[in-house]
Amino acid sequence: LGDIYISKERLEAFLKEAKATLNAYHRLLPDEEGMPKELLRQKLGIKEKRLEAFLSYWLSRSELVMYEGKMALPSHAQAHSQWYDRKRDECCSLLEGAGIIDVNLQYIQEKFFLSPQQALRVFEGLQRRDLLCRVGSIHVYRKTIQYIVNLIQQHFSVTSTLTVAQLRDMLNTSRKVALLIMEYLDMNNYT
């Protein structure tokens, strides 16, 4: 493996130990995406360079999965991914046409009956997939922002000005949120 020499039997023994370690970790913390790579290295008792060589080989053979520095068994990664995809789709369905809602951790946790840790992972996943826009101090569903942009474009096709009060009334929201949206649209060159 590169400049590291190891017998096939010894490499397979390390793989077996890594799988057993990950399996125990997944049973203990099923909501976690995976075990941090550094923790796996410590549990296996090997140096970083050796682990990198082993991982390169194991990942190429799909023995293990790595995502953002976390290691998992393929079966756990797949189940975790499917769970997240379902939650993301449920969240998007709920937000579709719901208006301006601050999509924060508490909202996700309450609407989907999730633990704080699960809600955080769903929230971070929505951000990674660019489904949320940070509008001042709140997070708004991207399609809601697109709807607002279309609404404002229609308004400007008829008149050349838009006041905060008009936007507030158009969106049926508070003045504070209307101001945040106006600032966001100005900063992102929508208006």
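Helices (H or I, at least four residues) and strands (E, at least two) are themselves DSSP runs, numbered from the N terminus. As for where all this comes from, we are looking at a predicted model, in which local features need pLDDT of at least 70 and side-chain atom pairs count only at pLDDT 80 or more, while totals for chains, interfaces and linings use all residues. Residues are numbered from 1 along each chain as its sequence is written, and side-chain values use heavy atoms, with hydrogens and water left out.

Now the overall picture. The protein contains nine helices and five strands, and, read from the N terminus, their order is α-β-α-α-β-β-α-α-α-β-β-α-α-α. The radius of gyration, taken over C-alpha atoms, is 24 Å, whereas a compact globule of 191 residues would be near 16 Å, the globule rule being 2.2 Å times the number of residues to the power 0.38. Along the principal axes, the C-alpha atoms fill a box of roughly 75 × 35 × 20 Å.

Of the 191 residues, 39% are buried, where buried means under 20% relative accessible area, exposed means over 50%, and partly exposed lies in between, with a 1.4 Å probe and protein chains only. The accessible surface is about 11300 Å², and 51% of that belongs to carbon and sulfur atoms; these areas come from the Shrake-Rupley method with a 1.4 Å probe, and for residues only the protein chains shown count as cover. Taking contact to mean heavy atoms within 4.5 Å, 54% of the contacts between residues at least 6 apart in sequence join residues at least 24 apart.

Three of them make an open sheet in the order 1-3-2, with antiparallel pairing. Its edge strands are strand 1 (35-36) and strand 2 (65-67), each of which pairs on one side only. Strand 2 and strand 3 (residues 70-72) run antiparallel and are joined by three bridges, with Y67 having K70 in strand 3 as its bridge partner.

The other pairing involves strand 4 (residues 132-135) and strand 5, which are antiparallel over four bridges. These two strands form a hairpin with two residues between them, and in the turn G136 has a positive phi of about 65 degrees. Which residue in strand 5 is the bridge partner of R134? That partner is H139, while C133 stands opposite V140 in strand 5.

F113, in the loop between helix 5 (105-112) and helix 6, has a phi near 55 degrees, a positive value in a residue other than glycine, and F113 is exposed, with a relative accessible area of 74%. N172, in the loop between helix 8 (164-171) and helix 9 (175-187), likewise has a positive phi of about 55 degrees although it is not a glycine, and N172 is exposed at 73% relative accessible area.

Two further residues deserve a mention. Not counting residues up to four places away in sequence, R129 touches Y84 and R88, whereas R129 and Y25, 104 residues apart in sequence, are 27 Å apart in space, C-alpha to C-alpha.

Finally, F156 belongs to helix 7 (residues 142-158) and is partly exposed, with a relative accessible area of 36%. Leaving aside neighbours within four places in sequence, F156 is in contact with T161, L162 and T191. Of these, T191 lies 35 residues from F156 in sequence, and their C-alpha atoms are 9.4 Å apart.

Definitions and conventions. Pairing = 2+ DSSP bridges.
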